[in-house]
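Hi,

Here is the structure I promised to pass on to you. Have a look at it first, and then read my notes below.

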Amino acid sequence: MSDVVWRPEDDSTIRPPLQEGQVYRPDILNVIETTVDGLSGELRALSLDIHDHPELKFEEKYAHDAYTTFMEKHGFTVTKKYLLETAWVATYTHGQGGRVLGVNSEMDALPGIGHACGHNLIGISGVAVALAAKAAMERLNIDGKVVLLGTPAEEGGFGKVMLYEKGAYDEMDVCLMCHPAPGPRHSISLSGCLAISRITVEYQGHTAHAGLSPWEGQNALDAAVLAYNNVSLLRQQIKPTHRVHGIFEGKDWAPNIIPDQAIMQWLVRAPTTSEMEDTRKRVVSCFEAAALASGCKVQVTIGSVGNEITQNKALGDELADVVLKRYGAIDYDWGIKSASTDFGNITYLMPGLHPGFSIPTIPDGGNHTSGFTEAARSEVSHDACLVVSKALAAVGMRVLTDEAFLQKVKDTFEEDKKLRM
């Protein structure tokens with residue numbers, strides 16, 4: 001694996017060989033490339049500004065203001081605090097009628113380690129795609145609309161789902177975004193991600209003096225420990241593509257008091273939503289068994305469910321064609337394959353594409369590590385972000401200009417829906 005993953009010391013000028021052949025509408029792609037390259041300095045400054053001001057889910061006030069100011073400066077109509085306090089939308093319309101290209105920019109960071117998932121890069125990618133589409137529409141007189149949606153709280157808040165339910169995605173024909181991750185040098189990934197379910201488990205017991213009369217208590221912490229160990233044993237019997245992980249929480253704990261309350265937060269993941277639901281049933285049984293053994297009461301609350309990403313094949317094939325002929329390599333094994341995102345829910349609801357793109361990372365420095373926080377601000381990572389943004393803009397412009405292609409995208413989406421039934 002270490003021989004495959006792009007490292008900071010690797011020569012970034014070495015690129016995979018390109019395939020021969022023409023891409024769709026080279027005139028459009030030329031405008032896209034010229035526009036994004038010309039904005040590189042401004043986009044890098046914006047990325048570093050966001051990186052230097054990390055904000056947690058639903059607290060992205062600095063990012064909200066930075067992005068909306070930037071988009072207003074570049075001629076977009078901006079609505080601040082759009083449907084959610086830190087969400088925003090920037091739109092551009094050219095001509096009459098036409099189709100609507102949707103793009104997402106994420107903003108939130110992680111507790112303690114900042115932009116360790118590279119949302120500063122995701123944010124400027126959305127900006128780059130939108131600005132490149134605007135330039136192509138203006139210069140080549142292409143009718144249509146671009147909607148760039150600033151989406152808060154990807155890290156556990158399901159911000160996109162909330163925005164979808166409020167109508168933010170209603171007029172989009174498709175929606176595009178991307179995500180950085182470790183991977184091979186100059187590779188763009190069309191892998192999906194895992195479905196996810198959040199579970200809160202609360203044990204209620206009875207306090208007692210831990211030395212004088214412990215037999216009078218029911219130990220809620222013991223119940224939580226038993227649950228944790230039960231799940232640890234269960235992992236041996238679940239598929240290697242499934243994930244179960246959790247943490248303890250508590251209040252007013254002291255070593256001389258039998259704890260009467262313990263809370264656990266759990267995540268269950270699997271390649272599909274149906275598989276995740278099956279594994280979740282087995283996990284819940286682990287929680288219930290711990291309550292029985294400890295004499296405690298248990299309350300299990302199933303929280304938000306995130307669907308796996310369904311990469312629209314028509315959109316993905318077009319992205320692959322552009323990447324392989326102009327930029328680099330395509331893979332199906334890297335990206336955020338074993339992680340999860342609320343964009344998965346969006347791809348269940350409308351045609352979407354969410355490629356990963358590799359950036360140089362140190363060993364053990366993947367997403368959600370301090371090493372990735374540093375990787376997300378490197379100049380090479382910035383350049384990689386712009387490459388995938390150009391490819392996404394090209395895909396988006398085909399949506400706006402090729403009616404047969406858009407119909408294929410929609411047909412593919414309907415076929416995927418049938419497969420899930």
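Axes here are lines fitted to C-alpha atoms, for helices over the stretch in contact, and angles run from 0 to 180 degrees between N-to-C directions. Helices (H or I, at least four residues) and strands (E, at least two) are DSSP runs, numbered from the N terminus. This is a predicted model, in which local features need pLDDT of at least 70 and side-chain atom pairs count only at pLDDT 80 or more, while totals for chains, interfaces and linings use all residues. Residues are numbered from 1 along each chain as its sequence is written, and side-chain values use heavy atoms, with hydrogens and water left out.

Let's start with the helices. Helix 1 (residues 26-51) packs against helix 10 (residues 379-401) at about 145 degrees, and their axes are 10 Å apart.

Four strands form an open sheet in the order 9-10-8-11, with antiparallel pairing (two strands pair if DSSP finds at least two bridges between them). Strand 9 (243-249) and strand 11 (297-306) each have a single partner strand, so one side of each has no neighbour in the sheet. Strand 8 (residues 195-204) is joined to strand 11 by eight bridges, and Ile 196 stands opposite Gly 306 in strand 11. Helix 6 (residues 273-294) lies across strands 8, 9, 10 and 11, at about 10 degrees to strand 8.

Enjoy exploring!

Definitions and conventions. Contact means heavy atoms within 4.5 Å.
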